[in-house]
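The following report concerns a single protein chain.

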Amino acid sequence: MKNLLSGFIGKKNFWPRLFIALLAVLSMGVTLSFLIQVNLGTDPCTLMNRAVAAKLHMSLGNWQALMNIILLVIVLIFGATNFGFGSLFNMFLIGYTIDFCTWLWNRILPMEMFQLWSVRIGVLIPAIILFVLSAALYMDVDMGTAPYDAIPYLISVRLPNVPFRTIRIAFDLIVTLIGWILGETPGVVTVLMVLMLGPVISWMGEWLAKHFELFREL
């Protein structure tokens, strides 16, 4: 039980970790809202969720919350052991942050600006960088894993001879394919996320652990 609730209790530097996890998740939601406006693709999970939400005539936030609850039950049944506030932040805040920011941008920003390639590239590059770094921070602060991210770990435990990076890329590709079949178009951002996210999270985790006490093993 202690391992299962490791993101709720027993963490050294609990409050700084909690603040970083919350900030990272909110940053992911904001940057994804900009990537949606740029319309060159999103991460695989958001791509699939947007497609399903459109089919079900639900808001992205509502569908993502529902999907995460279902996935949480599944991963707990199959042995996930790292659940905490970071998991809850990811499950419920990203989708609703995207919904709110999208509503806000549609009200205060002229939509024709995102038709200009200079604007799209100018927004795209910092948004990708900030999203990847935020995702890495969220994972490396170790305040709990989102159900979506827990699935590749559970698969890797059952396939010890297959590198985790291979499993994660294959998983993201399958999710991207589902989104594409349901009507969303993968873009260059989706490809970059599939290839970059895993390695960047691993690299950043090692760098943070080396330079900051907060990110070292407890």
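Just after helix α7, G183 adopts a positive phi of about 120°. The model is predicted, so local features need pLDDT of at least 70 and side-chain atom pairs count only at pLDDT 80 or more, while totals for chains, interfaces and linings use all residues. Residues are numbered from 1 along each chain as its sequence is written, and side-chain values use heavy atoms, with hydrogens and water left out.

Helix α7 comprises 18 residues, 164-181; helices are DSSP runs of H or I with at least four residues, numbered from the N terminus. From first to last C-alpha, α7 reaches 26 Å, close to the 26 Å expected at 1.5 Å a residue, where the expected span is 1.5 Å times one less than the number of residues. Its buried residues include I167, I169, F171 and V175. Here buried denotes under 20% relative accessible area, exposed over 50%, and partly exposed in between (1.4 Å probe, protein chains only).

The structure holds 3 salt bridges, each defined as a side-chain nitrogen of Lys or Arg within 4 Å of a carboxyl oxygen of Asp or Glu.

| Pair | N to O separation |
|---|---|
| R50 and E184 | 3.4 Å |
| D149 and R168 | 3.0 Å |
| R168 and D172 | 3.1 Å |

R50 and E184 form a salt bridge. This pair links distant parts of the chain, since R50 belongs to helix α2 (residues 44-56) and E184 to the loop between α7 and α8 (188-211), 134 residues apart. R50 is partly exposed at 27% relative accessibility.

D149 and R168 also meet in a salt bridge. Their pairing connects helix α6 (residues 147-158), which holds D149, with R168 in helix α7, 19 residues apart. D149 is buried, with a relative accessible area of 9%, and R168 is buried at 11%.

D172 counts as buried at 3% relative accessibility. Through shared partners, salt bridges join D149, R168 and D172 into one network.

A nonpolar surface patch is formed by L56, M58, L66, I69, I70, V73, I74, I77 and F78, with about 800 Å² of accessible area together. Patch residues have over 30% relative accessible area and no salt bridge, and nonpolar side chains are joined within 5 Å; the areas come from the Shrake-Rupley method with a 1.4 Å probe. Helix α3 (residues 60-77) contributes the largest share, 6 residues. V73 is found in helix α3 and is partly exposed, with a relative accessible area of 45%.

Technical notes: Helix = DSSP H or I, 4+ residues; strand = E, 2+ residues; numbered from the N terminus. Patch = residues over 30% accessible without salt bridge, like charges linked within 9 Å, V, L, I, M, F, W, Y side chains within 5 Å.
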